[in-house]
Amino acid sequence: MADAGPVVADLRSESDELDALVSDLPAAQWDEPTPAPGWTIAHQIAHLLWTDEAALTAITDDAAFGELLAEAEKDPEGFVDAAAEELASAAPGDLLADWRRARTRLHDELLRVAEDRRLPWFGPPMSATSMATARLMETWAHGLDIADALGVRRPATARLRSIAHLGVRTRDFAFAVHDLPAPTEPFHVKLTAPDGSVWAWGPEDATQQVTGSAEDFCLLVTQRRPRATLDLVAEGPDAQQWLKIAQAFAGPPGPGRG
């Protein structure tokens with residue numbers, strides 16, 4: 001069996017923390033706008049519901065996911081918004097209940113995926129651990145949008161390590177979706193964790209390096225804050241270019257946040 005357990009546990013915690021943030025909101029407040037243009041709090045939860053259900057389909061029904069992928073390819077930039085718009089029209093209580101059911105089943109199914117199996121997705125196929133990491137990243141990022149809308153500052157946690165790891169692992173993907181050749185040299189990425197410890201990837205003597213705050217790196221690769229506002233330093237032209245285009249999520253290049 002795949003060793004997805006630790007990441008799934010983090011995903012459960014992240015989801016529960018976001019759930020607690022919205023569960024007592026008055027129905028009218030679900031229409032509050034978030035930093036994502038045109039998206040309310042309801043849209044954010046609807047998107048998480050849709051992507052959790054899509055991930056569940058990728059695990060349990062190859063044919064159905066193939067149909068979903070074919071639909072997405074018809075409108076790569078609009079199908080996500082369309083799905084969120086449709087689901088966001090539900091009553092907040094129903095939307096929240098549906099998300100709870102979908103994510104609970106997804107988390108359970110992720111723990112049953114065989115170690116050598118690769119799950120289809122809208123980007124490259126991935127292991128159960130990678131799928132759980134992607135869901136953790138999205139839950140954190142969209143939860144941040146909701147927290148911003150509510151004026152809430154959510155403390156950084158050790159769960160960011162998996163998101164930072166995904167950000168590092170998707171370096172070449174970020175170049176590819178911008179039609180740029182991938183760097184030929186390894187990077188050294190050295191980040192300061194929320195508890196003050198250091199998280200690092202790549203050879204220490206690499207000429208291309210990125211250093212700074214782990215939380216800010218996660219904000220960068222999820223495109224939740226402008227690059228200029230973040231505590232990150234790049235050494236080397238390829239590393240500098242990466243920080244301009246980094247994205248840890250599948251799909252077309254994101255517009256970033258101004």
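This is a predicted model: local features need pLDDT of at least 70, side-chain atom pairs count only at pLDDT 80 or more; totals for chains, interfaces and linings use all residues.
**View 1. The four-stranded sheet.** The strands are arranged in the order S2-S1-S3-S4, forming an open sheet whose pairing is mixed. Strand S2 (198-201) and strand S4 (232-235) sit at the edges, each with pairing on one side only. From one strand to the next, the twist averages 10°. In general, strands of a sheet pair through backbone hydrogen bonds, in either a parallel or an antiparallel sense.

**View 2. Helices against the sheet.** Helix H7, residues 160-169, lies across S1 and S2, and makes an angle of about 25° with S2. Helix H10, residues 237-245, also packs on the sheet, where H10 touches S1, S3 and S4. The direction of H10 is at about 45° to that of S3.

**View 3. The largest nonpolar core.** This core holds 55 residues, and Leu110 and Trp242 are the ones that touch the most other members. The element that gives the most to the core is helix H6 (residues 128-150), with nine residues.

**View 4. Surroundings of leucine 110.** Neighbours within four places in sequence are left aside here. Leucine 110 is then in contact with Ala4, Val8, Leu11 and Ile59, as well as with Ala128, Met131 and Ala132.

Definitions and conventions:
Residues are numbered from 1 along each chain as its sequence is written. Side-chain values use heavy atoms; hydrogens and water are left out. A nonpolar core is a set of buried Ala, Val, Leu, Ile, Met, Phe, Trp, Tyr and Cys residues joined through side-chain atoms within 4.5 Å. Buried means under 20% relative accessible area, exposed over 50%, partly exposed in between (1.4 Å probe, protein chains only). Helices (H or I, at least four residues) and strands (E, at least two) are DSSP runs, numbered from the N terminus. Contact means heavy atoms within 4.5 Å. Two strands pair if DSSP finds at least two bridges between them. Axes are lines fitted to C-alpha atoms, for helices over the stretch in contact, and angles run from 0 to 180 degrees between N-to-C directions.
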